[in-house]
Amino acid sequence: METCLYEDPESQRLLCYLVEEEREGGERCYRVYDAAGEAIGAVRRIPPFRKPLKHTWRIEQPGHPEIVGRNEWASGGAKQMADRAAGKVLTGALNSLTHVVPSGEGATSGSGGSQRQSRKLEWWSGGELVMVSQSIKSLKVKVDWLDRRLAFSFAVLGDT
C-alpha cells in the first residue's frame, strides 16, 4: 500500500502518493507521483557512511539540481560553521552557570533545557538554500521552484 497525501480532510482529493523502491546498501527511495500517476520526483534517505553520523536526505525534482538535506551544523561555509560552534560553546557555558540559570533550565529554551532538540536540516541545491526543516514540526520552503508536494512527502516520511 502506498503512502498517500490528500488535499482535503475527507481524503477525497488525492494530492500525491509515494512508492518505495528497493535499493542496496540501506538506502530508501520513495518515488512521488501526482494524482494522475505522473512522476513528480523522489525523496531518498541515505544511510551514514560512519556509525556515529546520522543519515542524510536528498530530494530529486526533474529540471533542478539535487536538493541535499544537511544537518545545520554541517551546512554553509567554514565561517558559518565556526559561528555556529562559537554560539554552541557560549550556550553551553551559560547553561553551566547554575547561579544564573536554575537547574533543569536551558539558557535558550527557558525550561526543559535537558530535553533533546529535534534535528534541524538545511536543504541546499546548487549553492541555494531551498528549505529548512526541524524534524517534521516545521518546514519552511525558501524558493518558488520547489514542488511543495515533495516537501510534504518528506514531512510524511519523517526524519527517522
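What you're looking at is a predicted model, in which local features need pLDDT of at least 70 and side-chain atom pairs count only at pLDDT 80 or more, while totals for chains, interfaces and linings use all residues. Residues are numbered from 1 along each chain as its sequence is written, and side-chain values use heavy atoms, with hydrogens and water left out.

**The overall layout**

- The protein has 2 helices and 9 strands; helices (H or I, at least four residues) and strands (E, at least two) are DSSP runs, numbered from the N terminus.
- Reading from the N terminus, the elements go β-β-β-β-β-β-α-β-β-β-α.
- Of the 160 residues in the protein, 32% are buried.
- The accessible surface of the protein comes to about 10,000 Å², and 51% of that belongs to carbon and sulfur atoms; these areas come from the Shrake-Rupley method with a 1.4 Å probe, and for residues only the protein chains shown count as cover.
- Take the contacts (heavy atoms within 4.5 Å) in the protein with a separation of 6 or more: 31% of them join residues 24 or more positions apart.

**The sheet**

- Strands of a sheet pair through backbone hydrogen bonds, either parallel or antiparallel.

- β1 and β2 are antiparallel and share 4 bridges, with Cys 4 opposite Tyr 17 in β2.
- β2 and β3 are antiparallel over 6 bridges; Glu 20 sits opposite Tyr 30 in β3, and Val 19 has Arg 31 in β3 as its bridge partner.
- The hairpin of β2 and β3 has 6 residues between the strands, and Gly 25 in the turn has a positive phi of about 75 degrees.
- β3 (residues 28–34) and β4 (residues 39–46) pair in the antiparallel sense, again with 6 bridges.
- Across that pair, Cys 29 stands opposite Arg 44 in β4, while Val 32 has Gly 41 in β4 as its bridge partner.
- The hairpin of β3 and β4 has 4 residues between the strands, and Gly 37 there takes a positive phi near 90 degrees.

**Helix α2 and what follows**

- Helix α2 covers residues 148–157, and its buried residues are Leu 150, Ala 151, Ser 153, Phe 154 and Leu 157.
- Why do the buried residues of α2 line one face of the helix? Seen down the axis, they fall within an arc of 155 degrees, taken from the directions from the helix axis to the C-beta atoms.
- Just after α2, Gly 158 has a positive phi of about 80 degrees, and at 8% relative accessibility Gly 158 counts as buried.
- Gly 158 and Lys 137 are 21 residues apart in sequence, with 9.5 Å between their C-alpha atoms.

- In soluble globular proteins, nonpolar side chains tend to be buried together.
- A nonpolar core is a set of buried Ala, Val, Leu, Ile, Met, Phe, Trp, Tyr and Cys residues joined through side-chain atoms within 4.5 Å.
- Which of the 21 residues in the largest nonpolar core touch the most other members? They are Val 32, Val 43, Trp 57, Ile 59, Trp 123, Met 131 and Leu 146.
- β2, β3, β4, β5, β7, β8 and α2 each give two or more residues to this core, and α2 gives the most, with 4 residues.
- Back to Ser 133, which is found in strand β8: not counting residues up to four places away in sequence, Ser 133 touches Arg 119, Lys 120, Leu 121, Trp 123, Ser 138, Leu 139 and Phe 154.
- Ser 133 and Phe 154 are 21 residues apart in sequence and 9.6 Å apart in space, C-alpha to C-alpha.

Conventions. Buried means under 20% relative accessible area, exposed over 50%, partly exposed in between (1.4 Å probe, protein chains only). Two strands pair if DSSP finds at least two bridges between them.
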